[in-house]
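Please consult the sequence and the structure while reading the points below.

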Amino acid sequence: MQISTMVLPTGSTKKRKLPLPSTTADHDDDDTNENPPSDPTKSHVDGEAISSSSSSDDDESHKHDEHEPAAPPPPAPPSPKPPNPYDQIKRTIVINDGKRESLIRLIGLKSLFAKQLPKMPKEYIARLVFDRRHKSLALLSGDPRKKFTDEEIIGGICYRSYPDMRFAEIAFCAVSASQQVKGYGTKLMNLLKMHAVTEGIEYMITYADNYAIGYFKKQGFTKAIQMPKARYQGLIKDYDGGTLMECYIHPSIDFTRIPQMVQAQKEFILQRIRATSKSDKVIYPPLPPEFAKRMESSSRSTGAAARALAVPGVIEAGWTMSDLMASTGGAKDADQKKDMLKKELLSLVQKVQEKQFSWCFRDPVDTNEVTDYLEVVKDPIDLRTMEKRVRKGDHYKSKHQLYADMMKMVNNCKIYNDPESTYHECAVSLEKFLATLFPLKSGEPSIE
Ligand code: COA
């Protein structure tokens, strides 16, 4: 939303013959409908004619050769196109052509934008709405008493096209307060998209303020701008506090029939799935009622997997006991246990890391600095390495194994360092702490 500073020569490079869908009641507008609704009655009659003649031919041929395959059924008569709700909406493109009606509507649009966009300076709105390079798509009230009054305009979008660059910039967009949240905002944008294609527009861009971003997103606008910058740079100005958003307008999409299009696509995909799916073919009969009883004796750990494997067809489909174990309760129990152990070991490592005396055990000894370390200590270990092993999940199978690594770390320290050194003192403190952290249960082997 900003004042455009450059005027480009007009003239579209790529136009689609798709007019703005015509108004139903506003005959004074120049809208035309190039696609008159097909006559469903006529199609139906044609369909019947084909159907009756082919069926009589079939009867004849059956008399001569009973084994000849039946002729394919006649094509179903085309179903009449469902009514388009957009046909009921009065709308028009308004430009400042100096005509009285246009000026009255432009005043209505200016008032609407000024009311709905109170932060926007009124003079700025007026300047753009009445600017001859700007156009406005207006949704009009169906009430004839409101014609050519402020109230006639129930919504509008003011935009400027740059046909050479095949984009349009939306300056203002609003729906009157009493008509909001009824879908007019979406209809307005869809109608503009349909019209924009006729002007050769590929992209619509706008600077949306924070409040409007949600609305524009719903209308297919994105913050990611795909249109090459060279096409719009210098033509539109930055708008403080606004987010530049873009919408690509696909020339083949009928934006007034999006729900129907999505429904048709869904139907098509389902038809394709049905054609290739084997899920409805019965190969084995349902399991007999006594099946579950027979399987009751299977062991608790392998029960679910064994029951699944006994179902006819499961083995043929390539399942094995270990596959099934991995996706049934037995495996889940094992996973749960593993997860619990991991959490416990992690908390033990963290408790050691938190101790002040563990500072010299937190990272691996830098053997570039302590060059003879590996000559003395053959199997170095440190808290960071232990934490990595715990997080990886499959190194330590028990608390006992973690304790063994902790003690190795203590002993490495004692072996390398002088008994009078601070490092040695740390090792002694850590050893004492480990005794509290890993209390020996009676019957457990002592750890050397
Ligand atoms: N933020 C987030 N979502 C919004 C929204 C907003 N400000 N305004 C509308 N929507 C959503 C609606 O919830 C609806 O979503 P749905 O399709 O999932 O139900 C969708 O956008 C379209 O709603 P619709 O009823 O068609 O819109 P509307 O008729 O209320 O018109 C505006 C929307 C923005 C044009 C209207 O609210 C308005 O005039 N606002 C004041 C002016 C303005 O801010 N203009 C935009 C910047 S120029």
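The protein exposes about 28,000 Å², and carbon and sulfur atoms supply 55% of that area; accessible areas come from the Shrake-Rupley method with a 1.4 Å probe, and for residues only the protein chains shown count as cover. The model is predicted: local features need pLDDT of at least 70 and side-chain atom pairs count only at pLDDT 80 or more, while totals for chains, interfaces and linings use all residues. Residues are numbered from 1 along each chain as its sequence is written, and side-chain values use heavy atoms, with hydrogens and water left out.

**Overall composition**

- The protein contains 15 helices and six strands; helices (H or I, at least four residues) and strands (E, at least two) are DSSP runs, numbered from the N terminus.
- Of the 448 residues in the protein, 36% are buried, where buried means under 20% relative accessible area, exposed means over 50%, and partly exposed lies in between (1.4 Å probe, protein chains only).
- Among contacts (heavy atoms within 4.5 Å) between residues at least 6 apart in sequence, 67% join residues at least 24 apart.

**The sheet and its helices**

- Six strands form an open sheet with mixed pairing, in the order S1-S2-S3-S4-S5-S6; two strands pair if DSSP finds at least two bridges between them.
- Strand S1 (90-94) and strand S6 (243-248) are the edge strands, each pairing on one side only.
- From one strand to the next, the twist averages 25 degrees; axes are lines fitted to C-alpha atoms, for helices over the stretch in contact, and angles run from 0 to 180 degrees between N-to-C directions.
- Within the sheet, strand S3 (residues 153-162) pairs with strand S4 (residues 167-175) in the antiparallel sense over eight bridges. Gly156 stands opposite Ala174 in S4.
- Helix H3 (residues 122-130) lies across strand S2 (134-140), S3 and S4, and runs at about 125 degrees to S4.
- Helix H5 (residues 210-218) lies across S4, strand S5 (203-208) and S6, and runs at about 155 degrees to S5.

**Salt bridges**

- Side chains of opposite charge can pair when their charged atoms come close. A search of the whole structure finds 16 salt bridges, each being a side-chain nitrogen of Lys or Arg within 4 Å of a carboxyl oxygen of Asp or Glu.
- Glu199 forms one with Lys135, and their closest N and O atoms are 2.9 Å apart. Glu199 lies in the loop between helix H4 (184-198) and S5, whereas Lys135 belongs to strand S2, so the pair ties together parts that are 64 residues apart in sequence. Glu199 counts as buried at 10% relative accessibility, and Lys135 counts as partly exposed at 25%.
- Glu202 and Arg231 also meet through their side chains in a salt bridge (2.9 Å, N to O). Because Glu202 lies in the loop between H4 and S5 and Arg231 in helix H6 (residues 229-232), this pair ties together parts that are 29 residues apart in sequence. Glu202 is buried at 14% relative accessibility, and Arg231 is buried at 15%.
- Asp363 and Arg384 form a further salt bridge between their side chains (2.5 Å, N to O). Asp363 lies in the loop between helix H11 (329-354) and helix H12 (373-376) and Arg384 in helix H13 (residues 383-392), so parts 21 residues apart in sequence are tied together. Asp363 is partly exposed at 37% relative accessible area, and Arg384 is partly exposed at 42%.
- Asp379, Arg389, Asp405 and Lys408 are linked in a network of salt bridges.

**Nonpolar surface patch**

- Phe268, Ile269, Leu270 and Ile273 form a nonpolar patch on the surface, with about 370 Å² of accessible area together. Patches are made of residues with over 30% relative accessible area and no salt bridge, with like charges joined within 9 Å and nonpolar side chains (Val, Leu, Ile, Met, Phe, Trp, Tyr) within 5 Å.
- Ile269, one of these residues, is found in helix H7 (residues 258-276).

**Backbone features**

- Most residues other than glycine have a negative phi.
- Phe148 has a positive phi, near 55 degrees. Phe148 is placed in the loop between S2 and S3 and is partly exposed, with a relative accessible area of 23%.
- Val181 has a positive phi as well, near 60 degrees. Val181 is found in the loop between S4 and H4 and is exposed, with a relative accessible area of 88%.
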